[in-house]
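Here is a friendly walk through one protein model, from a single residue out to the whole fold. Please keep the viewer open as you read.

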Amino acid sequence: MVAGCVFCEYNDPKAVVYDDERYFAIIDPEPINPHHVLVIPKEHYEDFIQLPQDLLAHLFQVVQRLSRAVRTVSKPLAIMHLTDDDVARMGYNLVAPPGSPASRAKINLPPGRAPGYYPPP
Ligand SMILES: [Zn+2]
C-alpha cells in the first residue's frame with residue numbers, strides 16, 4: 001500500500017464492478033464515456049512494465065471478461081455507432097508519466113462512441 005495513492009486507498013464499493021484475489025475493477029470516476037472501466041491490481045505497481053509475469057495472464061482474463069461486460073451494457077446506448085466494436089480501445093501507460101499523482105498500473109476499458117454522441121458535461 002502506498003500512502004496517497006487513490007487506488008491503494010480506494011473505498012467506494014458502489015463503483016466496484018469486479019473483485020477477486022488479485023484485481024478489482026471500478027467505473028472510472030472521470031470517465032471518457034459512460035461505462036469506462038478501470039482494471040487495477042490490488043498490489044501497487046507503478047506501471048504496466050513492473051507487473052510480475054504471474055499476474056499478466058490473469059490480468060488479461062479479467063480484461064477480456066470485463067470487455068464483454070462493457071460491450072453488453074454499453075450497446076443499447078451506442079445507437080449511432082456503426083460497428084460492433086463497442087469496446088474500441090484498451091489502454092495503459094507503459095511507464096507512469098513523470099510526476100503523475102496517479103502513478104499506478106491499471107488498464108482502461110473505455111467504450112467507443114460515435115463522435116459527439118454524448119453531449120459535453
Ligand atoms: Zn497504489
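## Starting from Leu38

Once neighbours within four places in sequence are set aside, Leu38 is in contact with Ala25, Ile26, Asp28, Lys106 and Asn108. Contact here is a matter of C-beta atoms placed from the backbone, which must lie within 7 Å of each other.

Before going on, a word on the model. It is a predicted one, where local features need pLDDT of at least 70, side-chain atom pairs count only at pLDDT 80 or more, and totals for chains, interfaces and linings use all residues. Residue numbers start from 1 along each chain, following the sequence as written.

## The overall layout

The protein chain's secondary structure comes to one helix and four strands. Both kinds of element are DSSP runs numbered from the N terminus: helices are H or I with at least four residues, and strands are E with at least two. Read from the N terminus on, the order is β-β-β-α-β.

How much of the protein chain counts as buried? The share is 18% of the 121 residues. A residue is buried if 20 or more other C-beta atoms lie within 10 Å of its own, exposed if 12 or fewer do, and partly exposed in between, with C-beta atoms placed from the backbone. Among contacts between residues at least 6 apart in sequence, 60% join residues at least 24 apart.

## The sheet

The four strands form an open sheet in the order β1-β2-β3-β4, with antiparallel pairing. β1 and β4 (107–109) are at the edges with a single partner strand each, so one side of each has no neighbour in the sheet. From one strand to the next, the twist averages 20°. Strands count as paired if DSSP finds at least two bridges between them.

Let's look at the pairs themselves. β1 (residues 16–19) and β2 (residues 23–27) run antiparallel and are joined by three bridges. In β2, Ile26 is the bridge partner of Val16, and Phe24 is that of Asp19. A hairpin of three residues connects β1 to β2. Between β2 and β3, also antiparallel, there are five bridges.

## The helix across the sheet

Helix α1 (residues 53–74) lies across β1, β2, β3 (37–41) and β4, and runs at about 160° to β3. For such angles, axes are lines fitted to C-alpha atoms, for helices over the stretch in contact, and values run from 0 to 180 degrees between N-to-C directions. With 22 residues, α1 reaches 31 Å from its first C-alpha to its last, close to the 32 Å expected at 1.5 Å a residue. That expected span is 1.5 Å times one less than the number of residues.

Which residues of α1 are buried? They are Leu66, Val70 and Ser74. These residues cover an arc of only 65° around the axis, which puts them on the same side of α1; the arc is that of the directions from the helix axis to the C-beta atoms. The buried residues of α1 pack against β1, β2, β3 and β4. On the other side of α1, Ala57, Gln61, Gln64, Arg68 and Thr72 are exposed.

## The nonpolar core

The largest nonpolar core has 11 residues, among them Tyr23, Ile26, Leu38, Leu66, Val70 and Leu109. Such a core is a set of buried Ala, Val, Leu, Ile, Met, Phe, Trp, Tyr and Cys residues joined through C-beta atoms within 7 Å. β2, β3, α1 and β4 are the elements that give two or more residues to this core. β3 gives the most, with four residues.

Phe7 sits in the segment before β1. Phe7 is partly exposed because 18 other C-beta atoms lie within 10 Å. Apart from neighbours within four places in sequence, Phe7 is in contact with Ile40, Arg104 and Lys106.

Pro111 belongs to the segment after β4. Is Pro111 buried or exposed? Pro111 is buried, since 25 other C-beta atoms lie within 10 Å. His35 is 76 residues apart from Pro111 along the chain, and their C-alpha atoms are separated by 6.6 Å.

Note on methods: Two residues are in contact if their C-beta atoms, placed from the backbone, lie within 7 Å.
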